[in-house]
Amino acid sequence: MSLRASVIKTIQELFDSQGILTVAEVRERLKESGINISPNSTIIRSTIYQLKEKDSRIRREGRGTYRLVSENGEFVNEKLDKKAIATQNIVSDATGEITSVENDNVISYLNRTEKEVITILSQIEKFKWLQCTEAEVILMRKRCARVQELYETIGLKLQKLH
């Protein structure tokens, strides 16, 4: 297995187990596997950057810290309390019906969705459409589609509440 493949595998394992990782944790986990990477090496950071560019669910929390979030911006693999688990049930029904969830949870979902929409719209607003690559345009189109999807989902949820 190549060095880059080992780094990717380690990153995926950490995201799967914890939902969050640091560059130091990746380096330590690789060291435990017998792969010693110098602190001056950029392979871990560059690999995370490339993964982050391909997968919009990977978010930078701070210097050297990255978190995996779900499509709707929720943290992945965090310890969930009962209210968070109930909130997840809102989006689980493919028919758009709200399934045995309290109104507070619907409001919580709408608040999270509002934050996601604001973030995406801010990115679209700042995007330099004439000075970008084809890949960047495709990513922005996906983000626009996500806003449209959220708009439709929110409309369905609000109709079900009435």
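Predicted model: local features only at pLDDT ≥ 70, side-chain atom pairs only at ≥ 80, totals over all residues.
I take helices (H or I, at least four residues) and strands (E, at least two) as DSSP runs, numbered from the N terminus. Residues count from 1 along each chain as its sequence is written, and side-chain values use heavy atoms, with hydrogens and water left out.

**Entry 1: the sheet**

I looked up the strands. Three of them form an open sheet in the order β1-β3-β2, with antiparallel pairing. Two strands pair if DSSP finds at least two bridges between them. β1 (20-22) and β2 (58-62) are the edge strands; each has a single partner strand, so one side of each lacks a neighbour in the sheet. On average, neighbouring strands are turned by 30° against each other, direction ignored. For angles, axes are lines fitted to C-alpha atoms, for helices over the stretch in contact, and values run from 0 to 180 degrees between N-to-C directions.

I then checked β1 against β3. Three bridges join these antiparallel strands. I20 has R67 in β3 as its bridge partner.

Which helices pack on the sheet? α1 does, touching β1, β2 and β3, and its direction makes about 135° with that of β1. α3 packs there too, touching β1, β2 and β3, at about 130° to the direction of β2. Contact here means heavy atoms within 4.5 Å.

**Entry 2: the cores**

I noted the background first. In soluble globular proteins, nonpolar side chains tend to be buried together. A nonpolar core is a set of buried Ala, Val, Leu, Ile, Met, Phe, Trp, Tyr and Cys residues joined through side-chain atoms within 4.5 Å. Buried means under 20% relative accessible area, exposed over 50%, and partly exposed in between (1.4 Å probe, protein chains only).

The largest core has 17 residues, and I11, L21 and I44 touch the most other members. The elements giving two or more residues to this core are α1, α2 (23-32), α3 (43-54) and β3 (65-68). α1 gives the most, with five residues. Leaving out residues up to four places away in sequence, I11 touches L21, V26, T47, I48 and L51. I also found a second, separate core of five residues, including I120, I124, M140 and V147.

**Entry 3: S6**

I looked up S6 in helix α1 (residues 3-18). S6 counts as buried because its relative accessibility is 9%. Residues up to four places away aside, S6 touches M1, L30 and I35.

**Entry 4: salt bridges**

I counted five salt bridges in the structure. The test is a side-chain nitrogen of Lys or Arg within 4 Å of a carboxyl oxygen of Asp or Glu.

E13 pairs with K9, their closest N and O atoms 4.0 Å apart. Both lie in helix α1, four residues apart, about one turn of the helix. E13 is partly exposed at 34%, and K9 is partly exposed at 41%.

R57 and D55 meet through their side chains at 3.0 Å, N to O. R57 is partly exposed at 28%; D55 is partly exposed at 22%.

E149 and R146 come to 2.5 Å between closest N and O atoms. How far apart are E149 and R146 in helix α6? They are three residues apart in α6 (residues 134-161), so about one helical turn separates them. Is R146 buried or exposed? R146 is buried, because its relative accessibility is 14%. E149 is partly exposed at 41%. Salt bridges with shared partners join E116, R146 and E149 into one network.
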